[in-house]
Amino acid sequence: MSASELNDAIDDTNFPQAHILSRGRNNSVCSTSSTSGTSSLADPRVVPAHEETCSSAGLGMGATAAALTSDEIVPTVPNRPRLILKSTTSIPENNDGHENCTFHHDLELDHKPPTREALLPDMARSYRLLLGGLGENPDRQGLIKTPERAAKAMLYFTKGYDQNLEDVLNGAVFDEDHDEMVVVKDIEMFSMCEHHLVPFYGKVSIGYLPCNKILGLSKLARIVEIFSRRLQVQERLTKQIAVAVTQAVQPAGVAVVVEGVHMCMVMRGVQKINSKTVTSTMLGVFRDDPKTREEFLNLVNSK
């Protein structure tokens, strides 16, 4: 999923507004009328019943029917403050039994091989050609097995392409009457810069405000692994993590902060060894309510 698709996937019309975001035991941001945990992707617009009757009755009211345009469709007021994402792409069926990644269409393999080991011979040959192009002798003792080792390492660095959210969650979503903030911070992250194929690494902090459903804590770290173990840019990685948490438990809001050190800035180019890159994504109440956002940032920055 590209950056523009990620932005389009966030349906702001279903986010709670700032003026209703005072949290507390007697004034929860979670709607008690929606506890099923299912994400409704239906169009929120509805046609009033009397207009539908007039339209279908065929009573010669041509002018009235013609005047009924999309501009006159009356939107319903969202009655649930859950953070809902709308789907912008459809997942094509694959008759070969291999599923495409549901969150990363732009870089996903068109056809997933039966095993990752099937890629090793071609990748090892490519690394051998690279060594020769550098002026090295691929047949010398220290490099004989280097192409195969490098191929295996690259497959491990990009193993996130073979993972999807449903398998990683493995049903670890639980009904729980809890509406206070959950934060897991300083999750180690290792990824590969897609521009230079060199690593960047750092830590990820995730917070969400549950709406009667909580996620197994280790699953937050596994979500980080899904998207970091790919060719990435930090900006997209941050948003993908937030979107995945939203799709997992439909909370009232999600916040993600990523702090990374990029080797493409350290060992080449400008060579600024002390530079760090910080990115954040705030969805739902974390975007709309300054107090909720401040609480999260204070928890993340506390030692």
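Reader: How many contacts beyond four places in sequence does the model have for residues 88-109, where pLDDT stays under 50?

Author: The model has 44 such contacts for residues 88-109, a contact being heavy atoms within 4.5 Å. pLDDT, the predictor's confidence in each residue from 0 to 100, stays under 50 over that segment. Residues 11-27 likewise stay under 50 in pLDDT, with 36 contacts beyond four places in sequence. This is a predicted model, in which local features need pLDDT of at least 70 and side-chain atom pairs count only at pLDDT 80 or more, while totals for chains, interfaces and linings use all residues. Residues are numbered from 1 along each chain as its sequence is written, and side-chain values use heavy atoms, with hydrogens and water left out.

Reader: What is the average pLDDT of the protein chain?

Author: The average is 77, and 62% of the residues score at least 70.

Reader: What makes cysteine 193 and cysteine 264 count as buried or exposed?

Author: Buried means under 20% relative accessible area, exposed over 50%, and partly exposed in between (1.4 Å probe, protein chains only). Cysteine 193 has 5% relative accessibility and so counts as buried; cysteine 264, at 11%, therefore counts as buried too.

Reader: Why is isoleucine 241 called buried, and which residues does it touch?

Author: Isoleucine 241 counts as buried because its relative accessibility is 0%. Leaving aside residues up to four places away in sequence, isoleucine 241 touches Val204, Ile206, Ile223, Val224, Phe227 and Val256. Isoleucine 241 lies in helix 8 (residues 234-249), helices being DSSP runs of H or I with at least four residues and strands runs of E with at least two, numbered from the N terminus. Its C-alpha is 9.5 Å from that of glutamate 225, 16 residues apart in sequence.

Reader: What span does helix 5 reach, and what is expected?

Author: Helix 5 (residues 146-157) has 12 residues and reaches 16 Å from first to last C-alpha, close to the expected 16 Å; the expected span is 1.5 Å times one less than the number of residues.

Reader: Why are the buried residues of helix 5 placed on the same side?

Author: The buried residues of helix 5 are Pro147, Ala151, Met154 and Leu155. They cover an arc of only 100° around the axis, and therefore lie on the same side of helix 5; the arc is that of the directions from the helix axis to the C-beta atoms. Their cover includes helix 4 (120-133) and strand 4 (182-193).
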